[in-house]
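Please look at the sequence and the fold below before reading on.

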Amino acid sequence: MYDEQGAEYIDCISNVAHVGHCHPLVVRAAHEQNQVLNTNSRYLHDNIVDYAQRLSETLPEQLCVFYFLNSGSEANDLALRLARHYTGHQDVVVLDHAYHGHLSSLIDISPYKFRNLDGQKEWVHVAPLPDTYRGPYREDHPNPAMAYANEVKRVVSSAQEKGRKIAAFFAESLPSVGGQIIPPAGYFSQVADPRVSHLLCHRHIRKAGGVFVADEIQVGFGRVGKHFWAFQLQGKDFVPDIVTMGKSIGNGHPVACVAATQPVARAFEATGVEYFNTFGGSPVSCAVGLAVLNVLEKEQLQDHATSVGSFLMELLGQQKIKHPIVGDVRGVGLFIGVDLIKDEATRTPATEEAAYLVSRLKENYVLLSTDGPGRNILKFKPPMCFSLDNARQVVAKLDAILTDMEEKVRSCETLRLQP
């Protein structure tokens with residue numbers, strides 16, 4: 001990226017510009033379609049059908065009905081409506097620190113937001129974030145996946161004891177705002193009943209009559225490298241009932257999508273109230289979406305995410321060995337978190353240090369930001385064209401600043417006084 005004086009910055013955080021800022025093929029697709037026709041989806045046009053077909057080829061065959069919208073918030077709001085119509089229930093189970101969008105309906109299911117606003121509604125039930133570095137069940141636990149899944153079971157049982165009925169379990173496939181969390185292997189895997197290919201927590205949700213909504217808005221479209229969708233990290237047998245998409249889907253153009261199974265879609269259709277979105281699925285939006293898929297395939301960006309992400313993880317791992325402030329490095333593909341701590345034993349979040357570090361990096365032409373409940377997690381979610389050389393440059397600057405901090409900065413108070 002470039003500022004108004006032409007200074008060049010390395011962007012480590014824009015998962016919206018998924019295939020790169022102003023990618024010429026995406027820009028051209030939007031421009032060319034705009035010159036021909038752009039109208040709403042009441043008018044039949046091949047683009048929306050072609051785009052739905054292309055998306056379906058990336059997903060399990062059960063997810064075969066597509067609704068097009070303009071933002072991730074719209075997508076999650078529709079997913080909530082779909083879940084409630086299908087189940088006839090109202091309540092939602094979410095993970096702590098989750099963020100699912102800015103609409104009123106989504107603030108209500110986003111602990112990250114509602115804890116600072118009107119508080120938790122009676123129809124919202126919060127399960128612990130499956131964080132094996134900071135959560136109640138850590139890396140030394142014999143089976144953190146089962147332990148966290150049992151927490152979901154406990155939350156569901158508690159809700160049912162109060163007469164509540166669960167409509168859905170909403171989860172980011174990889175929690176981002178919560179601190180770049182990688183759920184423990186098996187958390188989303190198949191359990192005892194071999195006839196039911198659902199998550200551990202999904203099994204508890206299904207038993208309660210609810211559906212599973214996989215929020216892929218931050219992490220989908222090849223970012224995790226190994227798979228096109230982050231939920232696929234949990235095994236080929238796991239299929240969500242609903243998947244929501246946004247951000248990277250349009251490379252900066254306002255596009256979003258909800259993919260659902262036939263039973264869920266039929267229940268929604270049976271209400272007799274049609275779903276219509278003026279701009280969702282417009283010819284231009286779908287042309288942009290198709291172009292993004294074409295670039296991902298042509299430039300082999302999913303494989304690129306695997307190779308560059310592994311290299312970046314290796315470089316950051318070396319920083320963990322060198323600098324005591326780096327408590328944990330976690331990630332997959334080009335979704336990586338660096339957990340900064342004040343003390344190894346207590347793992348106290350190094351909040352002020354993280355803010356200072358990000359500010360210093362910006363002065364050194366690197367754009368990075370923090371997240372997590374303690375605002376101490378450096379989050380890496382760069383455009384998918386992020387290169388090996390970019391990784392080297394960023395980590396070299398990170399190393400230099402951390403070294404300088406260790407030599408000159410002795411307290412958080414000192415950090416705040418630095419210019």
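**A walk through the predicted model**

Gly209 has a relative accessibility of 31% and therefore counts as partly exposed; buried means under 20% relative accessible area, exposed over 50%, and partly exposed in between (1.4 Å probe, protein chains only). This is a predicted model, in which local features need pLDDT of at least 70 and side-chain atom pairs count only at pLDDT 80 or more, while totals for chains, interfaces and linings use all residues. Residues are numbered from 1 along each chain as its sequence is written, and side-chain values use heavy atoms, with hydrogens and water left out.

Gly209 sits in the loop between helix H7 (200–207) and strand E6 (211–215). Helices (H or I, at least four residues) and strands (E, at least two) are DSSP runs, numbered from the N terminus. Leaving aside neighbours within four places in sequence, Gly209 is in contact with Thr87, His89 and Ile166, where contact means heavy atoms within 4.5 Å.

Next comes a sheet. Four strands form an open sheet in the order E9-E10-E13-E12, with antiparallel pairing; two strands pair if DSSP finds at least two bridges between them. Strand E9 (326–332) and strand E12 (369–371) are the edge strands, each pairing on one side only. From one strand to the next, the twist averages 30°. Strand E10 (residues 335–340) and strand E13 (residues 377–380) are joined in the antiparallel sense over four bridges, and Val338 stands opposite Leu378 in E13.

Thr370 belongs to strand E12. Its relative accessibility is 12%, so Thr370 counts as buried. Leaving aside neighbours within four places in sequence, Thr370 is in contact with Ala354, Val358, Arg375, Ile377, Leu378 and Lys379. Helix H11 (residues 351–363) lies across E10, E12 and E13 and runs at about 155° to E12. Axes are lines fitted to C-alpha atoms, for helices over the stretch in contact, and angles run from 0 to 180 degrees between N-to-C directions.

The last stop is a helix pair. Helix H1 (residues 24–36) and helix H9 (residues 283–298) pack at an angle of about 155°, with their axes 8 Å apart. H1 and H9 are therefore roughly antiparallel to each other (under 35 degrees counts as roughly parallel, over 145 as roughly antiparallel, 65 to 115 as roughly perpendicular and the rest as oblique). Among the residues making the contact are Leu25 and Ala29 of H1 and Val284 and Ala291 of H9.
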